[in-house]
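Dear colleague,

Please find below the structure I promised to pass on to you.

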Amino acid sequence: MCSAVTTEGNMSLKENTHCGDRMKLTSEKLPPGPCNTSLSQYAAKNQKYFQWRKEKTDHYSHSKLVDKALQLLNERIRRGDAMACFLQGQLYFEEGWYEGALEQFEEIKENDLQATYQLGVMYYDGLGTATDAEKGVDYMKKIIDSPCPRVRHLQFAAAYNLGRAYYEGQGVKRSDEEAERLWLFAADNGNPKASVKAQSILGLYYSTKEPRDLEKAFYWHSEACGNGNLESQGALGLMYFHGQGIHQDTEAALQCLREAAERGNVYAQGTLVEYYYKMKFFTKCAAFSKRIADYDEAHDIPMIARVTDCLPEFINKGMAMASFYHARCLQLGLGITKDEVTAKHYYSKNKHNNYSLRIRWTLPVTTFTKRSWALVTSHCFSSLHVSFLYPYEG
């Protein structure tokens with residue numbers, strides 16, 4: 001019903017879902033396609049230059065592997081391999097060496113629209129250079145206007161990013177209508193080879209615009225979830241739970257939330273912790289909440305965000321939910337040995353980023369009334385983060 005395709009590739013309180021009066025967005029990653037060859041694909045076609053991959057890799061640290069890859073790419077570049085030029089820039093980009101990536105992409109942008117796309121991302125988001133939204137927009141428009149049929153996949157992603165620019169009013173005049181038009185083009189009626197992020201953000205958009213259209217929101221989250229989007233899978237769980245845009249279905253809700261949680265959606269994990277507590281499954285709540293609450297904010301959140309493509313702010317909120325309910329179990333001795341000292345430690349976690357959440361949670365559970373959650377699709381002109389509102393009865 002809500003199963004998603006696993007790919008390499010949540011919710012908030014209303015007052016935290018906007019930057020000013022606008023939702024916070026980020027960018028679409030460079031999509032795979034006929035003219036975007038990954039290092040692994042390239043290695044498969046050039047096996048004799050990548051024999052080291054077949055050796056025992058436990059003798060290699062990550063840095064040594066990167067150095068070896070760069071050596072091999074440099075050799076191919078000297079032999080005139082144009083794809084190797086792009087892959088070298090992409091390796092710099094993925095390693096966070098943005099200045100080197102920018103220089104490499106600038107050198108080949110006239111003959112490689114993948115490089116043009118990445119330059120659009122980097123100038124819009126200020127990666128390795130000063131932020132220049134107008135320049136980023138120009139690069140994205142160049143891709144959209146290209147007559148080359150081999151860049152269709154890039155055009156979907158560029159339209160998604162350009163929609164972001166119109167929504168934010170950065171580099172162009174702000175226009176929700178133009179943003180919606182571009183996102184609909186990028187989503188391509190749910191095409192899995194189009195921009196899945198655009199499909200997910202349309203779920204967000206229709207649940208926040210006035211008047212809201214929750215049926216459309218549910219439709220687009222369903223499309224995105226079916227195409228592997230982890231944020232939309234969590235959104236569907238909440239929409240099923242509370243009958244938003246679809247009939248209420250607790251079984252379907254729990255299926256979505258559990259699958260999303262298993263795939264690493266920390267907000268879905270936090271939501272399940274809350275569900276277990278309210279259903280009085282205290283032993284399960286105490287054990288599950290501890291695992292989530294013990295994530296390290298400084299190191300685990302960036303890693304989880306990178307792997308799941310979920311927004312760090314809402315990974316943090318999922319951790320805060322788990323921390324609260326674990327503290328509650330410890331304080332009251334529910335499903336775990338009572339320990340008020342340790343409970344205070346968990347109550348204090350994420351206190352700066354979740355102040356309003358903690359204030360609400362200090363009320364007795366039985367006094368909860370109406371609440372608002374938001375679902376965030378995620379990451380940079382390289383992975384879109386957005387927030388979307390789902391009011392429901394608590």
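In which hand, left or right, does α8 pass α9? The crossing of the two helices is left-handed. Please note that the model is a predicted one.

The pair may be described further. Two packed helices are characterised by the distance between their axes and by the angle the axes form. Helix α8 covers residues 176-187 and helix α9 covers residues 196-208; their axes come within 8 Å and cross at roughly 140 degrees. On the side of α8, the contact is formed by D176, E180, W183, L184, A186 and A187, while α9 contributes A198, Q199, I201, L202, Y205 and Y206. Sorted by class, the residues of this contact are nine nonpolar, one polar and two charged.

As to the chain as a whole, its secondary structure consists of 18 helices and four strands. The chain has 394 residues, 55% of which are buried. Its accessible surface amounts to about 18,000 Å², and carbon and sulfur atoms account for 51% of that area.

One residue in a loop was also examined. S146 lies between α6 (133-144) and α7 (152-168). Is S146 buried or exposed? S146 counts as buried because its relative accessibility is 14%, and the cut-off for a buried residue is under 20%. Apart from neighbours within four places in sequence, S146 is in contact with L113, V151 and Q155.

Yours sincerely

Notes
Residues are numbered from 1 along each chain as its sequence is written. This is a predicted model: local features need pLDDT of at least 70, side-chain atom pairs count only at pLDDT 80 or more; totals for chains, interfaces and linings use all residues. Side-chain values use heavy atoms; hydrogens and water are left out. Buried means under 20% relative accessible area, exposed over 50%, partly exposed in between (1.4 Å probe, protein chains only). Accessible areas come from the Shrake-Rupley method with a 1.4 Å probe; for residues, only the protein chains shown count as cover. Axes are lines fitted to C-alpha atoms, for helices over the stretch in contact, and angles run from 0 to 180 degrees between N-to-C directions. A crossing is left-handed if the near helix is turned anticlockwise from the far one by less than a right angle, and right-handed if clockwise. Contact means heavy atoms within 4.5 Å. Ala, Val, Leu, Ile, Met, Phe, Trp, Tyr, Cys and Pro count as nonpolar, Asp, Glu, Lys and Arg as charged, and the others, Gly among them, as polar.
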